[in-house]
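Student: I have a chain open here and want to go through a few spots in it. Can we start with what you mean by a contact?

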Amino acid sequence: MPLSSKRRRAITAGVLLGMFLAALEVTIIGTAMPTVIASLGGLNHYSWVFSAYLITSTVPVPVWGKLSDIYGRRRLYQIGIAFFLVGSMLSGLSTSMTQLIIFRAIQGLGAGVLVPLAMTIIGDIYSLEERTRMQAVFSGVWGLSSIIGPLVGGFITDQLSWRWVFYINIPFGLAAALIVGFALQEPPLRKRPSIDYAGAFSLIVAVTLLMLALVEGGSGHGALLTPLNVGLLIASLVVFGVFTVVERRAVDPIMPPALFRNRVVTVGLLGGFCAGVGMFGAISFVPFFAQGVLGSTATQAGSLLSPLLLAWVIMGIIGGRFLLRVGFRRMAMMGLFLMTIGLAALSTAGRTTSHLALSVELAIIGGGLGLTVMTLLLATQQAVARTQLGLVTSLSQFSRSIGGAMGVAVMGAILSSSLTRHLMASASATGSLTPQRAAQLAANPNALIDPAKSALLPASVLAALQSALASSLSNVFWLCTAFAALGLIAVFWLPRHIGQPSPAS
């Protein structure tokens, strides 16, 4: 059923509002967490407030996308908002850290629906040419949320209560649900759908096991290689094998094997995975570099990411204007080339690197992301029929998230082992550190991040520790560079022209 321009604008406003809530939640909660810990206690469970949300917002994403192809976008979008708002309300009412972790997991279930389904709905109601022009809007949503999130979180926490960081979602979420519910019209189901329950269950179990291993491994200190994590990884591989067998036999599989014979989809997901490794690597470890190697404050370290985010927004807007003239393949190649160059430059950073140089390198990385992420999404959407639009859109986000989680886990292990090796070498070469003291600092390098602790270290010890950390983080950033280069090589296989699939296909 054709939609009027007024109705399309209303739908766009509704889905962008939901997307903004999900994007804002990622940045706003970090500012409030110190106050939350002071209120609820449970510092030892601090990381799980974020990890629970990350796992549940990532694990079921492909399933949500497939279900939206079967049942329609409106119903699934409203279910996602319901999970998000119930989780928000319960998080605000939490009286213990355990409760907050559980309710954040519920909130994450909803967040995993909002972003991919928003992009899917936009793909349904706009032509490719219109979607490229709307990149400015999408980029603006993410840019605005990243800028105002910490400010809004701090203001609400100081002036009202940390609980209102969650309550504030409710009126805006209800507005988004009502707008989409009234404005988005979809044809009724004509036949009883065939649901691949076994495929959905095995996929969720396999990805959950993988994410648990990656989240724990991302904490560093060799955690990736613990017996528990190795067991989780092996179990995940076994269940993924079961999932593969199930999908080959399913009538309407959650993830059709034939989908991955589509070169555009396969290359787009691989490119997104590689971009996710570089993106999350930079976002996760650059603040640590700034604090630990350059001696920056936490505020200064956090502000270093602003050039990356700003360049992402600007280049996303520019890329959208020229995408159809340049072509998907060339635009993706330019984006991943910029990412590779920026990450390679970041890999050479050391104790004498200036904040200005870091900002320029991060801006290059952000510019590359701005050209890459939306280009690969639009390419995969263009390469499939509408009946698979929800699935490929959700898989695009899923590939970046999994790439980021896997990359950060491996980088954490690399950082830990490299730091130990460099500090031991410094201890034996200079005598400024005893082997015992080097092992202690390698296991707990917080002395570099905490100004009060670093001030107590002798100058020679501090210099040795900073040099060791810089060398170790260089290895981390070189890994990011390698994955960006792999993504660049992969997108060479994108076709020069991606045709519009037949509506009947």
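Tutor: Contact means heavy atoms within 4.5 Å. Keep in mind that this is a predicted model.

Student: OK, using that, what does Ser202 touch, not counting residues up to four places away in sequence?
Tutor: Ser202 touches Val239 and Phe243.

Student: Which helix is Ser202 found in?
Tutor: Helix H10, which covers residues 197-217.

Student: And is Ser202 buried or exposed?
Tutor: Ser202 has a relative accessible area of 6%. Buried means under 20%, so Ser202 is buried.

Student: What does the side chain of Ser202 reach?
Tutor: The backbone oxygen of Gly199, at 3.1 Å.

Student: Different spot. Where does Gln107 lie?
Tutor: Gln107 lies in helix H5, residues 97-125. Gln107 is buried, and its relative accessible area is 0%.

Student: What is Gln107 in contact with, leaving aside neighbours within four places in sequence?
Tutor: The list is Glu25, Tyr53, Phe83, Phe84, Gly87, Ser88, Ser91, Phe166 and Asn169.

Student: Which side chain does the side chain of Gln107 make a polar contact with?
Tutor: That of Ser88, at 2.9 Å.

Student: How far apart are Gln107 and Ala52 in space?
Tutor: The C-alpha to C-alpha distance between Gln107 and Ala52 is 9.4 Å, and they are 55 residues apart in sequence.

Student: Now helix packing. At what angle do H14 and H15 pack?
Tutor: Helix H14 (residues 306-326) and helix H15 (residues 328-347) pack at about 130 degrees, and their axes are 7 Å apart. That angle makes H14 oblique to H15.

Student: Why oblique?
Tutor: Over 145 degrees would count as roughly antiparallel, and 65 to 115 as roughly perpendicular. The angle is about 130 degrees, so H14 counts as oblique to H15.

Student: Which residues make the contact?
Tutor: From H14 they are Gly319, Phe322, Leu323 and Val326, and from H15 they are Phe328, Arg330, Met331 and Met334. By class, the contact has six nonpolar residues, one polar and one charged.

Student: Zooming out, how many helices and strands does the chain have?
Tutor: The chain has 21 helices and zero strands.

Student: How much of the chain counts as buried?
Tutor: Of its 505 residues, 55%. The accessible surface comes to about 21500 Å², and 68% of that belongs to carbon and sulfur atoms.

Student: And what percentage of contacts between residues at least 6 apart in sequence join residues at least 24 apart?
Tutor: For this chain, 83%.

Notes
Residues are numbered from 1 along each chain as its sequence is written. This is a predicted model: local features need pLDDT of at least 70, side-chain atom pairs count only at pLDDT 80 or more; totals for chains, interfaces and linings use all residues. Side-chain values use heavy atoms; hydrogens and water are left out. Helices (H or I, at least four residues) and strands (E, at least two) are DSSP runs, numbered from the N terminus. Buried means under 20% relative accessible area, exposed over 50%, partly exposed in between (1.4 Å probe, protein chains only). A polar contact is a pair of N or O atoms within 3.5 Å; within protein, one must be able to donate a hydrogen and the other to accept it, and residues adjacent in sequence count only if both atoms are side-chain atoms. Axes are lines fitted to C-alpha atoms, for helices over the stretch in contact, and angles run from 0 to 180 degrees between N-to-C directions. Angles under 35 degrees count as roughly parallel, over 145 as roughly antiparallel, 65 to 115 as roughly perpendicular and the rest as oblique. Ala, Val, Leu, Ile, Met, Phe, Trp, Tyr, Cys and Pro count as nonpolar, Asp, Glu, Lys and Arg as charged, and the others, Gly among them, as polar. Accessible areas come from the Shrake-Rupley method with a 1.4 Å probe; for residues, only the protein chains shown count as cover.
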